[in-house]
Amino acid sequence: MRIVALTLDLDDTLWPVQPALERAEQAVDAWLQQHYPDVARAWPIAAMRELRNRVAAERLDLAHDFTTQRQLTLQHAFAACGIAPAPVDALWEIYFAARNSVELYPDSLPALQRITARWPLASLTNGNADLQRIGIHAHFAHHICARDSGMAKPDPRIFVAAAERLGVAPAQILHVGDDPAMDMVGAREAGLRTAWINRAGEPWPPELGPAPELDLRSMTALADWLEAQPCAA
């Protein structure tokens, strides 16, 4: 069946996310050291990261909502220092700005330009990337995120929701992402076709069942494959 639309993961598919997350943590820590040194001493970056993990483990109802997890982490950190209310809005803006200061892989933007000239594209992410801040929003017809959907990949329902937004049958959508379990298994179980952006050339984990239809090293390879299909859009 011909592919007529795509869904696309963001973090670690279009850019490496870890450097941005680390910069965001450092920006928050620097602000705390300047404005709330007692909180900064009590909660250095490693301790704040551990607190965030603890919040995530305790609040499984927020597994789809990384934003609220991080905001609750800040509230807990300040409360532990006897400070309430916490300046969550100011800190979140600092964190969010740095988190969205990403550096795209060199192949990402040229491939996006080629793909979205011919196929509608929806972003599909568990994270809280902001396409407007990053500057690539014009390439996407829709943005589907776990926080707004109330569910996260690999739940097949978020892939079905993306298909509904695109107005296309799942079998005619190619989902593209870097994570074998979150992206490939979730999309497969929802009936989408699958393209694994496997930049490191890792072997497919056999315990996850059938390998994805495409195992590609770059977004350029994806654009090449799409343009080579018969009756391309």
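Biologist: Why does Arg-133 count as partly exposed?

Modeller: Arg-133 has a relative accessible area of 40%. Buried means under 20%, exposed means over 50%, and partly exposed is in between (1.4 Å probe, protein chains only). The value of 40% falls in between, so Arg-133 is partly exposed.

Biologist: What are the ground rules?

Modeller: This is a predicted model; local features need pLDDT of at least 70, side-chain atom pairs count only at pLDDT 80 or more, and totals for chains, interfaces and linings use all residues. Residues are numbered from 1 along each chain as its sequence is written, and side-chain values use heavy atoms, with hydrogens and water left out.

Biologist: What makes Glu-93 and Arg-133 a salt bridge?

Modeller: Their side chains come to 3.0 Å, N to O. A salt bridge needs a side-chain nitrogen of Lys or Arg within 4 Å of a carboxyl oxygen of Asp or Glu. The pair meets that limit, so the label holds. The bridge links distant parts of the chain: Glu-93 sits in helix 5 (residues 88–99) and Arg-133 in helix 7 (residues 131–134), 40 residues apart. Helices (H or I, at least four residues) and strands (E, at least two) are DSSP runs, numbered from the N terminus. Glu-93 is partly exposed too, at 39%.

Biologist: How many salt bridges are there in the whole structure?

Modeller: The search finds 15. One of them joins Asp-38 to Arg-41, with the closest N and O atoms 2.2 Å apart. Both lie in helix 2 (residues 37–42), three residues apart, about one turn of the helix.

Biologist: Why is Arg-41 called exposed?

Modeller: Its relative accessible area is 60%. That is over 50%, so Arg-41 is exposed.

Biologist: What is the distance in the bridge between Arg-114 and Asp-224?

Modeller: The closest N and O atoms are 2.7 Å apart. The partners are 110 residues apart, with Arg-114 in helix 6 (residues 108–116) and Asp-224 in helix 11 (residues 219–227). Arg-114 is at 27% relative accessibility and Asp-224 at 40%, so each counts as partly exposed. Elsewhere, shared partners join Asp-9, Lys-153 and Asp-183 into one network of salt bridges.

Biologist: Why is Asp-65 called buried?

Modeller: Its relative accessibility is 8%. That is under 20%, so Asp-65 is buried. Asp-65 lies in the loop between helix 3 (45–58) and helix 4.

Biologist: What makes the Asp-65 and Arg-147 side chains a polar contact?

Modeller: They come to 2.9 Å. A polar contact is a pair of N or O atoms within 3.5 Å; within protein, one must be able to donate a hydrogen and the other to accept it, and residues adjacent in sequence count only if both atoms are side-chain atoms.

Biologist: What makes strand 2 mostly covered?

Modeller: Five of its five residues (121–125) are buried. Leu-121, Ser-123 and Thr-125 cover one side, Ala-122 and Leu-124 the other.

Biologist: What makes a space a cavity or a pocket?

Modeller: A cavity is a set of points where a 1.4 Å probe fits but cannot get out; a pocket is an open set with protein on both sides within 12 Å along at least five of seven lines. Lining residues have an atom within 4 Å of a point. Points are joined across faces, edges and corners, and volume is the space filled by probe spheres set on them.

Biologist: How many cavities of 30 Å³ or more does the search find?

Modeller: One. The largest cavity holds about 200 Å³. Of its 16 lining residues, the closest to the centre are Glu-25, Val-28, Met-48, Arg-70 and Tyr-95. Helix 1, helix 3, helix 4 and helix 5 each give two or more residues.

Biologist: And what volume does the largest pocket have?

Modeller: About 380 Å³. It has 19 lining residues, and Asp-11, Val-17, Phe-66, Asn-126 and Gly-127 are the closest to its centre.

Note on methods: On a 1 Å grid over the protein atoms alone, a cavity is a set of points where a 1.4 Å probe fits but cannot get out, and a pocket is an open set with protein on both sides within 12 Å along at least five of seven lines; lining residues have an atom within 4 Å of a point.
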